[in-house]
Each structure stands twice: as structure tokens, then as C-alpha cells.
Amino acid sequence: MSERKYWDMEVEPLLNTPMMREIQLKKLQKMIAKLYESKPYWHDRLEAAGIRPGTIQSLEEYSQKMPIMDKETRRKLVEKTGSSLGMGIETMGAEMEDIVLMAATSGTSGTPTPYPQTQHDIDLYSELFGRMMWRCGVRPGDRVLHCFGLSMYQAGVPYVQYMQRTGCCILPVGAEAGSARISKFAQEFKPTVLLSTPSFAEHFIEKYKEITGKDVGTIGIKVIICAGEPGAGLPEVRSKIEKAYGAKLFDHGGAMGVSCDCEEYQGMHHLADDSFYIELVDPDTYEPVKWENGATGMMCSTSLDMEGMLWFRETFGDIWEVYTDPCPCGCSGWRYKVVGRADDMLKVKGTMVYPAAIDDVINGFAPRVTGEFRIILDEKPPRVVPPLKLRVEYGEGVTEAELPALEEEIVAACKGKLSITPKIIWTAPYSLERATVKTNFFERNY
């Protein structure tokens, strides 16, 4: 087994360096020329912004001139073209006859966003996945139990294709198979790597024991890569999962980020500066946020060499905090933590609150709570008339007499960390539905 530090020893050492910014600018200039000259939709957007081939001389100038594309822009395109496919054809950087794979987002907040991909895109993402899997310690010969939803999701069949380049063996059972079949696969094929949402990884601890009578740690999984929702970056969740499986947990996020093996979570290293130019913008005004250590804003992305699945200064509503200082782990790449989603933001007496932050607080009280909770909304968000109501599962072995004191502790923690004073509504252990794809933190009563 090679002991090289990175999958790509030529590019990865350049991440988060001035030289990489030069590479990004040259690729951006080339992409602008291509879209201006061959794609009507992008020609019109560039022309309206006063951008033509050869006019952009810096990344900052591009950020100042190119308008943000958001979900509302894509929604209007869907209405104009009559379908998600029509919208995808308008915005992608390739011709439809060159598309060999079409996936999509889950569509939980509206119309699914298509991910049209050419063979070039698949090859490029395969290389980026090589970088991620290598940093997580996955090597040729490892067997990966793939438990994301396979049906049309970007993290489904496409991820299976991307990972094959790494030389590991993929077991594409998928979340749709259910816990019983996944347990059978785990027993029969003895995976060494688990790929899933953090909520599934937690859920499977309980289900595997229930189905097989054995602890999940007997499977032999050594690496867990989680994505799709908050959790893998929370100390209590990480500790619970790692202890149960006897494995190292890595957090994987959009735009090709992955956490390192530092004992204390440092955020996710961005591994794809040469394929995506990432910025932060103010979620209300869309004005650029200064890129510096500790900066927070809404992430927007520009594809630098994709063909089908093309983002061009597009935001998906994710709020990030970025860290440009070197990581204690010694590996390259600036880092980011996902604070929450702009769509999920709640305002309680003027205080902005994200489900991920509440999740962090609740999990801090495990095992006196299971970690499962729901935010009860009686009116359409983001405004919430206080108190914010939280339905929380208490832990096994916790008596009814202990709940008032535990409630006081949780309320005090929320007040100290989040500046809100919630009302806790207790529910029995394992009474809330467990998700195998993505956890829905909201209980909507309006």
C-alpha cells in the first residue's frame, strides 16, 4: 500500500494557495468564453452583466459583476421551460446528446435540481472522490457499504460510479433496501467502510442489534463517511457512532469537502479548488463577504471545468463558516463548517436559529436523551412566536421524575448558546421516526 500523503500529489499541495487562485482565474476565463460563445442562456446572462470573453481580469471582478443564481431563478426557468429537464437543458454547459447520466437533488424543498453529467464530468468527479476517499484512509481492497438512497439521487448511483476509480469494492445496497437487507449484506460481505447519512449510521446501531442480536461493532467497519445532513461534525454524535462501530467517522459535504482525522472536529477540507470557485455572500443582500478566517455567509459556487452539471455563481442556500488558517492535521485545503440552511433558518424574537445548532445542544445531553428531536411549527417560518417548541426523546432509563430537572438544563443550554428559551415536550425513546435518507427536523402543524 502506497503511503503517499495525497491521492493527487500534484494538485492537492496547491489547495488554498495564491498559485491555485491563478489556476482558478485562467479556468474561469476559459469557461466564460465557452459559455458566451456557445450557450444562449449564459450568453444573455453574461452580456447583461457586462461580461464578455477577455473582460474579467480577477476573481474579485467576477464576483462584483456576475449576478447570483438562486433557487428562485431556477424555479422560474422550470416554469418557463415546463420541466426540470427543460431547465437543465437551458443551463448546462453541454449538449443533451453528450449527457450520459442524469441524477437530481432530493427535492425536499421544492422541485428537484437536475444533475446532468457527461463522461467528462463523471471522470472528473471520480478523481475528486479519489482525493476524498484517500484522505479518509480508504484503499484498494476495501469494501464500501453504500447506504445512501440510490433512486435518482446524486449521492446514489453517481457516487457508486465515482468511487469505483479508487479501486475499492462497492456494495450498492442503498437506503431503500431497509435495515433487514442492509444487515444481511453487512453480515455476508463484511464491509470495511460505511457510506450513509449520520442519522442512518445512528439508526443502524439500534436496528442491527435488533435484527441480528449482535453489536454493530462486530461487522468490522473501520471507516464511516457521512453526508447529507448535520451530525457528523457534532462531538456527541461522532463519539456515539465511533464508539459503537469501532470506526473513524468522517464528515463529507457539498462541493467536495471532507473532515480530517483530528481528534477535535476542524471542519471539512475543501478538496476541489481546481474544479470549483467558492465564495461567501450575504444571505439577504447577496453582496460578497470578505474571504478570511472565520468568515460566515451563504456559499455560492462556480464550476470551472464541468460540462453538464454546471453552476455559475450559484447559491444553494447553505450557510458556511470558513477557516483559511492551516489545519492542525497538516493537510492542505481551506476548511468549512455548515452552520445551516437559509431555508431552515428560524427567527425567534429577532434571533436567528438553525436546526443544526439545536441538534448540537440536544446531543450534548446524551445518553439522557436519544438525540432525536423535532421542531414544532404552528405557523409558516421563518418567524416563530416564542417559545420555540421542541419535541425531544428522553433516553432509556430516564424516569419521569428526572425530566423536569433535565428540561431546565436543556433550556439553560439553549439560552446560553442560542439565545432562545424553548419549551420542551418530552416523548418516549424511539417514538420519533428514524430517517434513512435525510432527517426532517420539523413537525409542521400549519
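Colleague: In which loop is Pro367 found?

Modeller: In this predicted model, Pro367 is found in the loop between helix 11 and strand 16.

Colleague: What makes the peptide bond from Ala366 to Pro367 cis?

Modeller: Its omega is near 10°, and the bond is cis. Pro387 lies in the loop between strand 17 (383-384) and strand 18 (389-394). As background, most peptide bonds are trans.

Colleague: How do you know that the span of helix 9 agrees with its number of residues?

Modeller: Helix 9 covers residues 198-212, which is 15 residues. At 1.5 Å a residue the helix should span 21 Å, and its end C-alpha atoms are 21 Å apart, so the two values agree.

Colleague: Which residues of helix 9 are called buried, and what do the buried residues pack against?

Modeller: The term applies under 20% relative accessible area. In helix 9 the buried residues are Pro198, Ser199, Phe200, Ala201, Glu202, His203, Phe204, Ile205 and Tyr208. Their packing partners are helix 8 (178-189), strand 5 (193-196), strand 6 (223-226), helix 10 (235-245) and strand 16 (369-377). After helix 9 comes Gly213, with a positive phi near 80°.

Colleague: Which residues lie closest to the centre of the largest cavity?

Modeller: The structure holds four cavities of 30 Å³ or more, and about 130 Å³ of space lies in the largest cavity. It is lined by 16 residues, of which Ser199, Glu202, Asp359, Glu372 and Thr439 are closest to its centre. Helix 9, helix 11 (355-363) and strand 16 each give two or more residues to this lining. Strand 16 supplies the largest share, five residues. By class, the lining has five nonpolar, six polar and five charged residues.

Colleague: What lines the second largest pocket?

Modeller: The second largest pocket contains about 440 Å³ of space. Its lining consists of 20 residues, and Arg21, Glu60, Tyr277, Ile278 and Trp291 lie nearest its centre. The elements giving two or more residues to this lining are helix 1 (18-38), helix 3 (59-65) and strand 10 (276-281). The lining of this pocket has 10 nonpolar, five polar and five charged residues.

Colleague: Why is Asp98 called partly exposed?

Modeller: Partly exposed residues fall between the 20% limit for buried and the 50% limit for exposed. Asp98 has 42% relative accessibility and therefore counts as partly exposed. Asp98 is placed in the loop between helix 5 (84-91) and strand 1 (101-104).

Colleague: Which residues is Asp98 in contact with, leaving aside its neighbours within four places in sequence?

Modeller: Asp98 is then in contact with Gln117, Thr118 and Gln119. Asp98 and Gln117 are 19 residues apart in sequence, and their C-alpha atoms are 8.2 Å apart in space.

Colleague: What is the phi of Lys190, and why is Lys190 called partly exposed?

Modeller: Lys190 has a phi near 50°, a positive value in a residue other than glycine. Most residues other than glycine have a negative phi. Lys190 is in the loop between helix 8 and strand 5. Its relative accessibility is 49%, so Lys190 counts as partly exposed.

Colleague: Where does Tyr430 lie, and why is Tyr430 called partly exposed?

Modeller: Tyr430 lies in the loop between strand 19 (423-427) and strand 20 (442-444). Because its relative accessibility is 40%, Tyr430 counts as partly exposed. Its phi is positive, near 65°, and Tyr430 is a residue other than glycine.

Key
Residues are numbered from 1 along each chain as its sequence is written. This is a predicted model: local features need pLDDT of at least 70, side-chain atom pairs count only at pLDDT 80 or more; totals for chains, interfaces and linings use all residues. Side-chain values use heavy atoms; hydrogens and water are left out. Helices (H or I, at least four residues) and strands (E, at least two) are DSSP runs, numbered from the N terminus. The expected span of a helix is 1.5 Å times one less than its number of residues. Buried means under 20% relative accessible area, exposed over 50%, partly exposed in between (1.4 Å probe, protein chains only). Contact means heavy atoms within 4.5 Å. On a 1 Å grid over the protein atoms alone, a cavity is a set of points where a 1.4 Å probe fits but cannot get out, and a pocket is an open set with protein on both sides within 12 Å along at least five of seven lines; lining residues have an atom within 4 Å of a point. Grid points are joined across faces, edges and corners, and a volume is the space filled by probe spheres set on the points. Ala, Val, Leu, Ile, Met, Phe, Trp, Tyr, Cys and Pro count as nonpolar, Asp, Glu, Lys and Arg as charged, and the others, Gly among them, as polar.
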